[in-house]
Amino acid sequence: MDSFSDFDVDKLRQQFNDRMAEFSSLHQRMREISASATSAKRLLTVTVGAQGEVTALKFHSDGYRSMARPELEHLILDTIGRARLQVMDSLKSMVAPMAPEGVNIDDVMEGRFEPVDFFSGDGFPKQPGPARASGYDDEE
């Protein structure tokens, strides 16, 4: 585009509105995510919400009563951790298609990403592209 008059304002407005609708839908789906994990011996199931908060904790038997305190603590924390990883994986898979090309979703979700990396050399946002979350595809 050589000049401002070359911009199709209606097209840009529509692209903006479409993108905002995508973000709104994504935000709603992200808020509704939850995941559950069950301990190896099926003593416990933990459910966590989108922010990793514990929303349910269910003991399936009284087997936990005979456990030593450190063993029970490990059981609870490990099960919570596995449920949180499931939520994080779900969030990553939702966000990845909207990320600019070359952006590592793991870095974004884990706070190891610099926002300036979202912009190309000309100062405009990079176009969405095939971002990958490590661990899902073989990285070469």
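Trainee: How many helices and strands are there in the chain?

Mentor: The chain has three helices and three strands, where helices (H or I, at least four residues) and strands (E, at least two) are DSSP runs numbered from the N terminus. Their order from the N terminus is α-β-β-β-α-α. This is a predicted model, in which local features need pLDDT of at least 70 and side-chain atom pairs count only at pLDDT 80 or more, while totals for chains, interfaces and linings use all residues. Residues are numbered from 1 along each chain as its sequence is written, and side-chain values use heavy atoms, with hydrogens and water left out.

Trainee: Thanks! What does the chain average in pLDDT?

Mentor: The average is 83, and 79% of the residues score at least 70; pLDDT is the predictor's confidence in each residue, from 0 to 100. Confidence is highest in β2, at a mean of 98, and lowest in α3, at 83.

Trainee: And where does pLDDT stay under 50?

Mentor: Over residues 131–140, for which the model has 19 contacts beyond four places in sequence. Contact means heavy atoms within 4.5 Å. Where pLDDT is low, the predicted coordinates should not be read in detail.

Trainee: Okay, on to α2. How many residues has it, and how far does it reach?

Mentor: Helix α2 covers residues 69–95, which is 27 residues, and reaches 39 Å from its first C-alpha to its last. That is close to the 39 Å expected at 1.5 Å a residue, the expected span being 1.5 Å times one less than the number of residues. Helix α1, with 23 residues, reaches 33 Å, close to the 33 Å expected.

Trainee: Which residues of α2 are buried?

Mentor: Among them are Leu72, Leu75, Ile80, Ala83, Val87 and Leu91, and Lys92 is also one of the buried residues. Buried means under 20% relative accessible area, exposed over 50%, and partly exposed in between (1.4 Å probe, protein chains only). The buried residues of α2 pack against α1, β1, β2, β3 and α3.

Trainee: Nice. Is Val48 buried or exposed?

Mentor: Val48 counts as buried because its relative accessibility is 0%. Its place is in strand β2. Leaving aside neighbours within four places in sequence, Val48 is in contact with residues including Ile33, Ala35, Val54, Ile80, Ala83 and Val87. The C-alpha atoms of Val48 and Ala83 are separated by 6.2 Å, although these residues are 35 apart along the chain.

Trainee: Switching to charges: how many salt bridges does the count come to?

Mentor: Eight, taking a salt bridge as a side-chain nitrogen of Lys or Arg within 4 Å of a carboxyl oxygen of Asp or Glu. One of them joins Arg13 and Asp10, at 3.1 Å from N to O. Both lie in helix α1, three residues apart, about one turn of the helix.

Trainee: Is Asp10 buried or exposed?

Mentor: Asp10 counts as exposed, at 54% relative accessibility, while Arg13 is partly exposed at 46%. The backbone nitrogen of Asp10 also lies 3.3 Å from a side-chain oxygen of Asp8, which caps the N-terminal end of α1.

Trainee: What about Arg82 and Asp78 in α2, how many residues apart are they?

Mentor: They are four residues apart, about one turn of the helix, and their side chains meet in a salt bridge of 3.4 Å, N to O. Arg82 is partly exposed at 31%, and Asp78 is partly exposed at 35%.

Trainee: Last one: which residues are linked in a network of salt bridges?

Mentor: Lys92, Asp106, Asp107, Glu110 and Arg112.

Definitions and conventions:
A polar contact is a pair of N or O atoms within 3.5 Å; within protein, one must be able to donate a hydrogen and the other to accept it, and residues adjacent in sequence count only if both atoms are side-chain atoms.
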